[in-house]
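Hi everyone, thanks for making time for this one. Have a look at the model on the screen, and then I'll walk you through a sheet and a pair of helices.

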Amino acid sequence: MNDLKTEFAGWKHVYSGKVRDLYERIGDEAHLLIVASDRVSAFDHVLEPPIPGKGALLTALSNWWFEKLPYPNHIAGNGPECPAELADRAMVTRRLDMLPVECVVRGAITGSGLLEYQQTGSVCGIKLPEGLTDGDLLEEPIFTPAYKAPLGEHDENITFEQVIDLVGEKTAQQLRKLSLEIFQQASQLAKSRGLILADTKFEFGKNPKTGELTLADEVLTSDSSRYWDATVYASAEGKSRMQSFDKQIVRDWLKVNWDGSGLPPALPPEIVSSTSERYKKLLERFTGVRQ
């Protein structure tokens, strides 16, 4: 992040997350510029080196999904123009009152959900059948929210009752309903592309004028979701069935080559290139355009 440009014509930098940089329109409180960098994160660390072209790939896939999904989103159709040098990796959006909940939906048991299940038999307070193993598909997708922690801290899985405490019962019910609906629609579309949507996270904000719940941030990208090849899943066993189109290759490499203490090691060139190829292949699967 050290070489971050703090201003573009008409835009001033206000915040950086693990992957995205946020700019506000000078003299305009209604619009924001969200820039997807090439940074890659795992286990709450930003890793080195970045993945070349990743920001543009994430932005293209988010934009594709925003156009496909019939739900209000934060894209500003009539907003100010995006700076030309950021056109492929930035979105001009409407400013929202963001909610402090990551709306995670799981159609399979893996990742942090698997760890919680192995310890408690449940995920976010939802009791699951006994004997599930890594990668098993669930009979129905489940809403397993997380509290959005500040930068550098670990997001915390929470129960639906805790979501109610954070945002109120009406909003909590709406978040769960919308998240499950969108997941089901996205899963069907992914299935038509030979993919399994294993899990994903959504973020929502409220329109400051109308209070309408609005889909925000990124949506159904390789960074926010796990996608598996459906053909491989049906023919293989164990962890080998989960051929992913996301950053799981990065997580797996770190688990073998880092004990979790101090700063993580630099990613080797083959992991960087393989990650880039997986992101490209996912975008190509959905859009039909070779990257």
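Let me start with a question: what is the order of the five strands in the open sheet? The order is 1-2-3-4-7, with antiparallel pairing. Two strands count as paired if DSSP finds at least two bridges between them.

A quick word on the source: this is a predicted model, where local features need pLDDT of at least 70, side-chain atom pairs count only at pLDDT 80 or more, and totals for chains, interfaces and linings use all residues. Residues are numbered from 1 along each chain as its sequence is written, and side-chain values use heavy atoms, with hydrogens and water left out. As for the elements, helices (H or I, at least four residues) and strands (E, at least two) are DSSP runs, numbered from the N terminus.

Now for strand 4. It forms a hairpin with strand 3, with five residues between them, and Gly27 in the turn has a positive phi of about 80 degrees. Five bridges pair these two strands in the antiparallel sense, and Asp21 stands opposite Val35. Strand 4 is also joined to strand 7 by five bridges, where Val35 has Ala90 as its bridge partner.

Are the side chains of strand 4 buried or exposed? His31, Leu33 and Val35 point one way, Leu32, Ile34 and Ala36 the other, and all are buried, that is, under 20% relative accessible area with a 1.4 Å probe, protein chains only.

Finally, the helix pair. The axes of helix 3 (residues 160–167) and helix 4 (residues 169–192) come within 7 Å and cross at roughly 125 degrees. Axes are lines fitted to C-alpha atoms, for helices over the stretch in contact, and angles run from 0 to 180 degrees between N-to-C directions. On the helix 3 side, Phe160, Val163, Ile164 and Val167 meet residues of helix 4 including Leu175 and Arg176. Thanks, and I'm happy to take questions!

Methods: Contact means heavy atoms within 4.5 Å. Buried means under 20% relative accessible area, exposed over 50%, partly exposed in between (1.4 Å probe, protein chains only).
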